[in-house]
Amino acid sequence: MTDKTATLTIDGQTHELPMHSPTAGPDVIDIRKLYAQAGVFTYDPGYTSTASCDSTITFIDGDKGELLHRGYPIDQLAGKSHYLEVCYLLLYGELPTAEVLEDFENRVTMHTMLHEQMRNFFSGFRRDAHPMAIMVGVVGAMSAFYHDSTDIHDPWQREVASIRLIAKMPTIAAWAYKYSIGQPFVYPRNDCDYATNFLRMCFSVPAEDYHPDPILSRAMDRIFTLHADHEQNASTSTVRLASSSGANPFACIAAGIACLWGPAHGGANQACLEMLREIGTPNRIPEYIERAKDKDDPFRLMGFGHRVYKNFDPRAKVMKESADEVLSLLGVDNNPTLQVAKELERIALEDEYFAEKKLYPNVDFYSGIILDAMGFPTSMFTPIFALSRTVGWISQWKEMIADPQNKIGRPRQLYLGETARDYVDIENR
């Protein structure tokens, strides 16, 4: 991996730093011994130019608009596969055979129920608690119920914890939703697939049966798949940093959920839908298009463009297909928000300004539309994101625990405060 070096000159002294070449992406300069050799640190707020680890799970090329899971393009996985198969791929590195996949799906299905005493955690929250607050608390509390899967040094316990988290997260998210709207909890069923089970637990009531249309189940499964992992983003890095201390897996995933809750990270599709509601009606779109083009106007089109992708978001194409299918099934005639979304998409894709700046609709634009059409409130958008991303966090966590280079995270700082000074007694101040 090391085939060349970089030369750094400080105060006339030259230091040779090894460089590593990845299988894809830019080379990296290894600075682990820089402080010992030269007595200096590097400065990189936000770590946007720093590789914090090596990984074999996910690769993103923002310029090409490429997202690979274990080498497989995301559009192929979302178009031909389904969420639990992608979960297996992320966790174990290869696509499963039919027999292996069936066994994996059965293991997940058999762990979807929560310990019955965990119901008490939900009732401890205020009636109007945000579902993400409930998820952070309940997931963190899982270590108090599942003692047999908290030893991170035991490979079997790591495996059990992984399956439990993937299996139980839909139940936790659905129960958080049910609690927030005052409806009774719905238990998972073993005869439903992963996405259908989640929709059942969210929307069924004891008074009548609920059977979601296969188009809705497929759209839900695609949302899960397209959000399964996204390399070393803020929440994934949080999970890795928390796990570097040796914390149990449930605490680490709870930390990831807390980070994802931030509006700059997991709240993008919610912000997009709120923007659509602000616009209100299709006839107001030209006004907002002009505002978006005005550099002096603080308004920004949410759901267009992406910080990472400088080209088309590779997830958006597949999500658009699902959005079209869902809207065709449910209709948009009586939903002004969805009418605005469809017209805004059309105008933005035809406008030269947005094409030139590559401000294409991204995955958040389409997922927000789908979730709103299904009947989810915006408060559930981020919990669904957390549910989807759980397998990515777990895969990254497992990879880090097994890495012989793993050590506790300890970022450095550029200190700009006062230097040492003497304490002055209060009467002399």
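Reader: How many bridges join E4 to strand E5?

Author: In this predicted model, strand E5 covers residues 66-69 and runs antiparallel to E4. The number of bridges joining E4 to E5 is four.

Reader: Which are the edge strands of the open sheet?

Author: The open sheet has three strands, with antiparallel pairing and the order E4-E5-E6. An edge strand here pairs on one side only. That description applies to strand E4 (58-61) and strand E6 (72-73).

Reader: How many disulfides does the count come to?

Author: A disulfide requires two cysteine sulfur atoms within 2.5 Å. The sulfur of Cys53 lies too far for a bond, because the closest cysteine sulfur, in Cys252, is 14 Å away. Likewise, the sulfur of Cys192 is 13 Å from its closest cysteine sulfur, that of Cys202, and is therefore too far for a bond. The count of disulfides comes to zero.

Reader: Is Cys192 buried or exposed?

Author: The cut-off for a buried residue is under 20% relative accessible area. Cys192 has a relative accessibility of 18%. Cys192 therefore counts as buried.

Reader: What does Cys53 count as at 26% relative accessibility?

Author: Buried residues fall under 20% and exposed residues over 50%, with partly exposed in between. Because Cys53 has 26% relative accessibility, its class is partly exposed.

Reader: Which residues make the nonpolar surface patch of about 410 Å²?

Author: One of the contributors, Leu414, lies in the segment after helix H18, which spans 381-401. The patch is made by Tyr43, Leu414 and Leu416.

Definitions and conventions:
Residues are numbered from 1 along each chain as its sequence is written. This is a predicted model: local features need pLDDT of at least 70, side-chain atom pairs count only at pLDDT 80 or more; totals for chains, interfaces and linings use all residues. Side-chain values use heavy atoms; hydrogens and water are left out. Two strands pair if DSSP finds at least two bridges between them. Helices (H or I, at least four residues) and strands (E, at least two) are DSSP runs, numbered from the N terminus. Buried means under 20% relative accessible area, exposed over 50%, partly exposed in between (1.4 Å probe, protein chains only). Patches are made of residues with over 30% relative accessible area and no salt bridge: like charges are joined within 9 Å, nonpolar side chains (Val, Leu, Ile, Met, Phe, Trp, Tyr) within 5 Å. Accessible areas come from the Shrake-Rupley method with a 1.4 Å probe; for residues, only the protein chains shown count as cover. A salt bridge is a side-chain nitrogen of Lys or Arg within 4 Å of a carboxyl oxygen of Asp or Glu.
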